[in-house]
Amino acid sequence: MRKGMANSDDERFMRMALREAGRGAREGEVPVGAVLVHNRRVLARAHNRPLHLHDPSAHAEILVLRRAARKLLNYRLQGCDLYVTIEPCAMCAGAIVQARLRRTVFGAPDRKAGACGSALRVLNHGKLNHRVVVTRGILAADCAAVIQEFFRKRRSKEEVSGIRCQVPEKGSKPAPNHLAP
């Protein structure tokens, strides 16, 4: 795996990703935030939205890649850097490879589902033809604290109410289908 060294902008962009994660937490989503940067300019930012969009693929990383690709009118995002609060999962790592990102920077490792080496290795797998520079651990304690606090609160609510998963309230309107032509 190509390991990247942190640069002077990494904390600044990771703080932006943390703000996105906070937005997700306020919406009841798992608080993961992402920012996509090209030449030190933010192209897109997003947070997890699978619950609100009724879309299992609406992870922060996927949404930020979609927004940037639409902005650039190109699904290849060469020369772009992704900042994400938690290590990307296998789905997101696959999308990172397909988008041909230059670099992925994440805060906290995900030992259960991280696909940059913590649980499995999708990024920079030997069979794949694209390599991504990976920088890990930027504001790791802050990133881990956001997600740990979210799940601590959710577990305490489950104990009180017996709720096991979050479902939309009866009568709530479905989100618009952002994948429809």
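Let me begin with Phe-13, which counts as buried because its relative accessibility is 1%, where buried means under 20% relative accessible area, exposed over 50%, and partly exposed in between, with a 1.4 Å probe and protein chains only as cover. What you see is a predicted model, in which local features need pLDDT of at least 70 and side-chain atom pairs count only at pLDDT 80 or more, while totals for chains, interfaces and linings use all residues. Residues are numbered from 1 along each chain as its sequence is written, and side-chain values use heavy atoms, with hydrogens and water left out.

In one of them, the ring centres of Phe-13 and Tyr-83 are 5.2 Å apart and the planes stand at 45°, so the pair is tilted. Phe-13 belongs to helix 1 (residues 10-26) and Tyr-83 to strand 3, so this pair ties together parts that are 70 residues apart in sequence. Helices here are DSSP runs of H or I with at least four residues, strands are runs of E with at least two, and both are numbered from the N terminus. Tyr-83 is also buried, with a relative accessible area of 1%. Phe-150 and Phe-151 form an edge-to-face pair, at 5.1 Å centre to centre with 80° between the planes. Of these two, Phe-150 is buried at 12% relative accessible area, whereas Phe-151, at 27%, counts as partly exposed.

Stepping back to the whole chain, we find five helices and five strands, and from the N terminus the elements follow the order α-β-β-α-α-β-α-β-β-α. The chain has 181 residues, of which 44% count as buried. If contact means heavy atoms within 4.5 Å, then residues 24 or more positions apart account for 61% of the contacts with a separation of 6 or more.

How are the strands arranged? The five strands make an open sheet with the order 2-1-3-4-5 and mixed pairing, where two strands pair if DSSP finds at least two bridges between them. Strand 2 and strand 5 stand at the edges with a single partner strand each, so one side of each has no neighbour in the sheet. From one strand to the next the twist averages 15°, with axes fitted as lines to C-alpha atoms, for helices over the stretch in contact, and angles running from 0 to 180 degrees between N-to-C directions.

Looking at the pairings one by one, strand 1 and strand 2 are antiparallel over six bridges, and Gly-33 has His-47 in strand 2 as its bridge partner. These two strands form a hairpin with two residues between them, and Asn-39 in that turn has a positive phi of about 50°. Strand 1 is also joined to strand 3 by five bridges, again running antiparallel, with His-38 opposite Cys-80 in strand 3. Five of the six residues of strand 1 are buried, so strand 1 is largely enclosed by the rest of the structure. Strand 4 and strand 5, by contrast, pair in the parallel sense over four bridges, and here Arg-103 has Val-133 in strand 5 as its partner.

What lies across strand 1, strand 2 and strand 3? Helix 3 does, running at about 140° to strand 2. Its buried residues include Ile-62, Leu-63, Leu-65 and Ala-69, and what covers the buried residues of helix 3 includes strand 1 (33-38), strand 2 (41-47), helix 2 (50-53), strand 3 (80-86) and helix 4 (90-99). Just after helix 3, Leu-73 takes a positive phi of about 55°.

That leads to a last topic, backbone angles. Most residues other than glycine have a negative phi. Asn-124, although not a glycine, has a positive phi of about 65°; Asn-124 sits in the loop between strand 4 (103-108) and strand 5 (133-136), and is buried at 7% relative accessible area. Leu-139 has a positive phi near 50°, lies in the loop between strand 5 and helix 5 (140-161), and counts as buried at 13% relative accessibility.

Note on methods:
Rings of Phe, Tyr and Trp (its six-membered ring) pair if their centres lie within 6.5 Å; planes under 30 degrees apart count as stacked, over 60 as edge-to-face and the rest as tilted.
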